[in-house]
Amino acid sequence: MKNEELKNVRGSIDFGGKDAIIRSFISKTLQETFEKYGYNPLETSILCYYDLLALKYDEDNDILKEIYKVTDQGKRNLALRYDLTVPFAKYIASNSNIKLPFKRYEIGKVFRDGPIQKLRARESVQCAVDSVRIEGQMIEAELISIFVEGYNKLGIDIIVKYNNRKLMNGIIEVCDVEKEKISQVITVIDKIEKLSKDELILEFKKQGLQEKQIEDILKYLNMSLEELYNIFAENDNQNLKEGLAELSELNQYIKELNLTKYVKFVSSLARGQEYYTGTVFEVYTTDGSIKSSIGGGGRYDKIIGDFINDGKKYPAVGISFGLDVIFEILKEKQMNFNNIDV
């Protein structure tokens, strides 16, 4: 046996001793939180058909470049799941006897063959909750509550940033961007925190946008929700109408549940996945110790219906906690886990 073969595959890590205890504590804490809100456990397969995982993306999307592709002895084109959302949608679509609405949680490994960075390995664990066939923004407010309670139990102070993809689509549309370019424009917007203004403008120009279009998009993406309400109150764009109405409803629930101090509206928040159709979330530490998001999710009302294709609606929404980044935060805090029952 070569020494090289005894090393971990790049981007994968073994956890033992105290590290394993911390990770078990995180999983148990989140599992208890999920079950408190009425979510039931589900285990989906790590192996999926490649075409299923690639279904919702155009060929230039970064996710497609990072999917681990494999084949079996039957020469089938398979892949390792990159998140828990598509496998959940597949489960609902392939089990017609499930009583709806349905709420599930899953804690499991996902894989992305992307650049290895601090807090981003190629093999990681997601802790996700999803619901299907529940409309209205009350369920989104519940998910914010789960974020707040889960991270609070783990001793992590957070802010939940949120936006609405209908609102974002509407903003892009009123800036006279052609429909076929919208997806790629959102992909550029998703990089807004990582690029300088000049780099951002260059990326927009690569998508064929003119200076006036770019100027208007950036102007709107720097506005508060109140400013957007005032500007677009009388606009007849359907995406703008629905996006603003959904945000108004969500904000009402946020106030009623005393969640206002934990949330922040960010009009440029996109989340790159193309299957999102409504409210989207990303979670950050309040002290800024971690620059990347430590959780996220959103509404995806079309993906299950597209799989089943029976003419019915299957509204769905879900969120995910990143176990690996939570693990790093708790290690940094040097918390005492010696006497924790896991």
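Student: Why are α6 and α7 called roughly perpendicular?

Tutor: The axes of helix α6 (residues 165–174) and helix α7 (residues 182–189) cross at roughly 110°. Angles of 65 to 115 degrees count as roughly perpendicular, under 35 as roughly parallel, over 145 as roughly antiparallel, and the rest as oblique. The value falls in the perpendicular range, so the two helices get that name. The angle runs from 0 to 180 degrees between N-to-C directions, with axes fitted to C-alpha atoms over the stretch in contact. Helices here are DSSP runs of H or I with at least four residues, strands are runs of E with at least two, and both are numbered from the N terminus.

Student: What sort of model is this?

Tutor: This is a predicted model, in which local features need pLDDT of at least 70 and side-chain atom pairs count only at pLDDT 80 or more, while totals for chains, interfaces and linings use all residues. Residues are numbered from 1 along each chain as its sequence is written, and side-chain values use heavy atoms, with hydrogens and water left out.

Student: Which residues of α6 and α7 meet?

Tutor: R165, M168, N169, I172 and E173 in α6 meet I182, V185, I186 and I189 in α7. Contact means heavy atoms within 4.5 Å. The axes come within 11 Å, and α6 passes α7 in a right-handed crossing.

Student: What makes the K103–E142 pair a polar contact?

Tutor: Their side chains come to 3.1 Å. A polar contact is a pair of N or O atoms within 3.5 Å; within protein, one must be able to donate a hydrogen and the other to accept it, and residues adjacent in sequence count only if both atoms are side-chain atoms. A polar atom of the K103 side chain also lies 2.9 Å from the backbone oxygen of Y37. Leaving aside neighbours within four places in sequence, the residues in contact with K103 include G38, D130 and I134.

Student: Why does G298 count as buried?

Tutor: Its relative accessibility is 0%, so G298 counts as buried. G298 lies in strand β10 (residues 295–299). Beyond four places in sequence, G298 is in contact with Y276, T279, V280, F281, V317 and G318.

Student: How do you know that β3 and β4 pair?

Tutor: Two strands pair if DSSP finds at least two bridges between them. β3 and β4 (residues 77–80) have three bridges, in the antiparallel sense, and K69 has A79 as its bridge partner in β4. Three bridges also join β2 to β4, where L47 stands opposite L80.

Student: What makes β2 and β3 edge strands?

Tutor: The open sheet has the order β2-β4-β3, and β2 (47–49) and β3 (69–71) each pair on one side only.

How values were computed: Buried < 20%, exposed > 50% of the residue type's maximum accessible area, 1.4 Å probe, protein only. Left-handed = near helix turned anticlockwise from the far one by under 90°.
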